Amino acid sequence: MSIRKLNRAASRVCWWVFLGLVVAGLFVTPPFAQWWVYVPALAATACTVIGGRLTARDIQAVRRAPIEVAAPVSGRWIALNSPATRVPSHGTHAYGQSYAIDLVAEPTCGSRPAFARVWPISRREEAFPGFGAPVLAVADATVVRAADGRRDHRSRNSLLGVLYVLAVEGPARDMAGPGRLLGNHVILDLGNGAYALYAHLRRSSLTVREGDRVRAGQPLARCGNSGNSTEPHVHFQLMTHPDPDAATGLPFRYQNAELPPNGRAFHAPPPTPALHKPTPAEPIPTDQPAWR
């Protein structure tokens, strides 16, 4: 077990102990000074800081040129939390998501329900055009993880919904581990130390199992709204390990489409059958930015 994985596990245990002490304190007087209740929270925070330093070290050690892959979807999609805009794209390097991207389907301009400041607080997942859209293999690969049992929930794409995710649902899922955050997901081994992760997939939509070989462009599942998701979308990332707790994010670029910045629509063409396998230690070019 890696040091980073142990660190993440220790952080979760500390948060659970802190929560348990807070709840217990509502019913009984603890046999120790009140400030001891906050020691597990401080320890969990220290683990987070240490984890960030460990991740930063690993990112420097694993410097690679962007890996070329096919788009994980086809048709017209909009990018959110894109590494073409900033890195880390999701505001954290945790779970190997330094270069992750979120893709929401919008077949025509305005066909996706807009963010609601007041009402409705949430919508049914079927109200979004991306719900049920095919999710495709980005290269020839082997399936190493396939989880399909999490339910799809209503959207959180409103002001109150986002606040609920940030203050309650997100932290609770984080304490429960990466499986609760990812929801239904698939992880592919692309070879040469690169793994592709697809998250928030639709329940019971997976068409592959662990150990299956897949070809580029092959349907793997359908877009859903499971896990830590505010609306149906495809979360995609490349990483160095099949376990997100131990993984470092890897940069990538699309084979026949621009990697779009936040808020930009792009048309993802069907992938071509031949893709080069990523090399183990390809240097980053010095004459151009990695994400252009």
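At 8% relative accessibility, Glu106 counts as buried (buried means under 20% relative accessible area, exposed over 50% and partly exposed in between, using a 1.4 Å probe and protein chains only). Before going on, a word on the model: it is predicted, so local features need pLDDT of at least 70 and side-chain atom pairs count only at pLDDT 80 or more, while totals for chains, interfaces and linings use all residues. Residues are numbered from 1 along each chain as its sequence is written, and side-chain values use heavy atoms, with hydrogens and water left out.

Let us stay with Glu106. Arg76 forms a salt bridge with Glu106, their closest N and O atoms being 3.5 Å apart (a salt bridge is a side-chain nitrogen of Lys or Arg within 4 Å of a carboxyl oxygen of Asp or Glu). This pair links distant parts of the chain, 30 residues apart: Arg76 sits in strand 2 (residues 75-80), and Glu106 in the loop between strand 3 and strand 4 (134-136). Helices (H or I, at least four residues) and strands (E, at least two) are DSSP runs, numbered from the N terminus.

Glu106 also meets Arg112 in a salt bridge, at 3.7 Å from N to O. Arg112 in turn pairs with Glu231, at 2.8 Å. Arg112 lies in the loop between strand 3 and strand 4 and Glu231 in the loop between strand 9 (219-222) and strand 10, so this pair ties together parts that are 119 residues apart in sequence. Glu231 is buried too, with a relative accessible area of 6%. Through shared partners, salt bridges join Arg76, Glu106, Arg112 and Glu231 into one network. The whole structure has 9 salt bridges.

Now look for the nonpolar cores (sets of buried Ala, Val, Leu, Ile, Met, Phe, Trp, Tyr and Cys residues joined through side-chain atoms within 4.5 Å). Of the 40 residues in the largest one, Leu188, Leu190, Tyr198 and Tyr254 touch the most other members. Strand 7 gives the largest share of this core, 4 residues. Apart from it lies another core, of 7 residues, including Leu182 and Ile187.

Finally, turn to the largest pocket. Its lining has 49 residues, of which His90, Thr92, Gln97, Leu181 and Asn228 lie nearest the centre (a pocket is an open set of points on a 1 Å grid over the protein atoms alone, where a 1.4 Å probe fits, with protein on both sides within 12 Å along at least five of seven lines; lining residues have an atom within 4 Å of a point). Helix 3 supplies the largest share of the lining, 7 residues.
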